[in-house]
Amino acid sequence: MNQSWHPNCSACTGITYASGLGNSECGTCGDGSEAKPDQTGCNACAAGKFSAGGADCGACAGDTYAIGLGNSVCATCDDGSTASADKTECTLCAEDEYSTGGAACEACAAGTARNATDGECDSCRPGRFSDSGVRCDPCLAGAVADYEGA
């Protein structure tokens, strides 16, 4: 007879577990883990997921990520990169894109180019122009760009 389902024994539910025999109370899994499906122990959260405060593991939200197993928080990517689709790492933005604070990579607008130092799009200085947002090219002889952001 399965004694865990005996009328005098209550099954652990949700985020709790009881390992072994003869338990008088259910335990709660620590941060970075969740109860196994059979409620007999805890499993570490998978990469790209986290748990805190006894909650089940959940996917990292927005532009955050979590590397490896057992994460209690998700991290924000550095400027110039964004979280991968599976939320397990940061990926660099393409040459003509920028990102700040881990946000999704976006293309630089015409008249700007990505700054390799901070990953942001900077306006082209006078005498230079950008049609693509990739780089600021100098005006050719006989032509000028006398304003910033040409």
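The model is predicted, so local features require pLDDT of at least 70 and side-chain atom pairs count only at pLDDT 80 or more, while totals for chains, interfaces and linings use all residues. Residues are numbered from 1 along each chain as its sequence is written, and side-chain values use heavy atoms, with hydrogens and water left out.

Begin with the cysteines: a search of the whole structure finds 8 disulfides (pairs of cysteine sulfur atoms within 2.5 Å).

Select Cys12 and Cys26, a disulfide with sulfur atoms 2.0 Å apart. Its S-S torsion is about -95°, so the link is left-handed. Cys12 is buried at 11% relative accessibility, whereas Cys26 is partly exposed at 33% (buried means under 20% relative accessible area, exposed over 50%, partly exposed in between; 1.4 Å probe, protein chains only).

Proceed to Cys60 and Cys74, whose sulfur atoms are 2.0 Å apart in a disulfide. A torsion of about -80° about the S-S bond makes this disulfide left-handed. Cys60 is buried at 4%; Cys74 is partly exposed at 22%.

Next, select Cys77 and Cys90, joined by a disulfide with an S to S distance of 2.1 Å. This link is left-handed, with -95° about the S-S bond. Cys77 has a relative accessible area of 3% and is buried, while Cys90, at 28%, is partly exposed.

Now turn to Cys9, which is in no disulfide; the nearest cysteine sulfur, that of Cys12, is 10 Å away. Cys139 is likewise in no disulfide, the nearest cysteine sulfur being that of Cys124, 9.4 Å away.
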